[in-house]
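Me: I am new to this structure. Please walk me through it in short questions and answers.

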Amino acid sequence: MITVALDASADEARPWIEAARPTHPSLIDTRHVLADLYNIVNVPTIFWIDERGRIVRPNDVAFGADTFKHISGLESARHLSALRAWVRGEGPALSADEVRRHQPLPTEEQQRARAEFGLGQWLWAQGRAAAAERHFVRGGELAPHDFTIRRGTMPMRGIDSMGPQFRQMMQGWVDGGQPFYRPLPDTAGRQ
């Protein structure tokens, strides 16, 4: 297992990693490369990759504990049980056809949104925050469901990514009839 945080710096992820005290590698992707490569639009997103490098469970939402169950409605036990069974060889991964059916592919607009986000990141790193802002906003407009873009820009813009503006943005999305988390059907059970 490897954990990858999508954060602006290692210092932002460090408290969470230190609190979890993982026994596996924890990486920090400051440029959101993983989000681009695997079309990650929210966190947490998990996917299983087998020993041959094949995705055997595409983008899914899962938690390692029930800390955020009151927000997500998702319990950790279902996914953790399925993961443990797969690792032990006692349970199946998804078939290649199921992986293809469930793996979201980015649309042209979503790819443009990632380009806007990338340009905004570059401008922000160059100290050009005002120029970056319009690209961050445009990226969010092009891909309103992509919280790695919408929420990912918040720390660079001086906005608390867990604060009132984020909660308002999330609530507006949910009130519009959109799910904030989209788990795969076999682990989507809610209590």
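Me: Where is S161 placed, and is S161 buried or exposed, or in between?
Reply: S161 sits in the loop between helix 8 and helix 9; helices (H or I, at least four residues) and strands (E, at least two) are DSSP runs, numbered from the N terminus. Buried means under 20% relative accessible area, exposed over 50%, partly exposed in between (1.4 Å probe, protein chains only). At a relative accessible area of 21%, S161 is therefore partly exposed.

Me: What should I know about the model itself?
Reply: This is a predicted model, where local features need pLDDT of at least 70, side-chain atom pairs count only at pLDDT 80 or more, and totals for chains, interfaces and linings use all residues. Residues are numbered from 1 along each chain as its sequence is written, and side-chain values use heavy atoms, with hydrogens and water left out.

Me: Which residues is S161 in contact with, leaving aside neighbours within four places in sequence?
Reply: Contact means heavy atoms within 4.5 Å. R151 lies 10 residues away in sequence, yet its C-alpha is 6.0 Å from that of S161. The contacts of S161 are R151, M154, P155 and F166.

Me: Which side chain makes a polar contact with T153?
Reply: T153 is also in the loop between helix 8 (147–150) and helix 9 (164–175). T153 has a relative accessible area of 0%, so T153 is buried. A polar contact is a pair of N or O atoms within 3.5 Å; within protein, one must be able to donate a hydrogen and the other to accept it, and residues adjacent in sequence count only if both atoms are side-chain atoms. At 3.0 Å, the partner of T153 is R157.

Me: Over what arc do the buried residues of helix 9 lie?
Reply: The buried residues of helix 9 are F166, M169, M170 and W173. They lie on the same side of helix 9, because their arc (taken from the directions from the helix axis to the C-beta atoms) is only 95°.

Me: Which exposed residues are on the face of helix 9 turned away from its buried side?
Reply: Helix 3 (69–72) and helix 8 are among what covers the buried residues. The face turned away carries P164, Q168 and D175.
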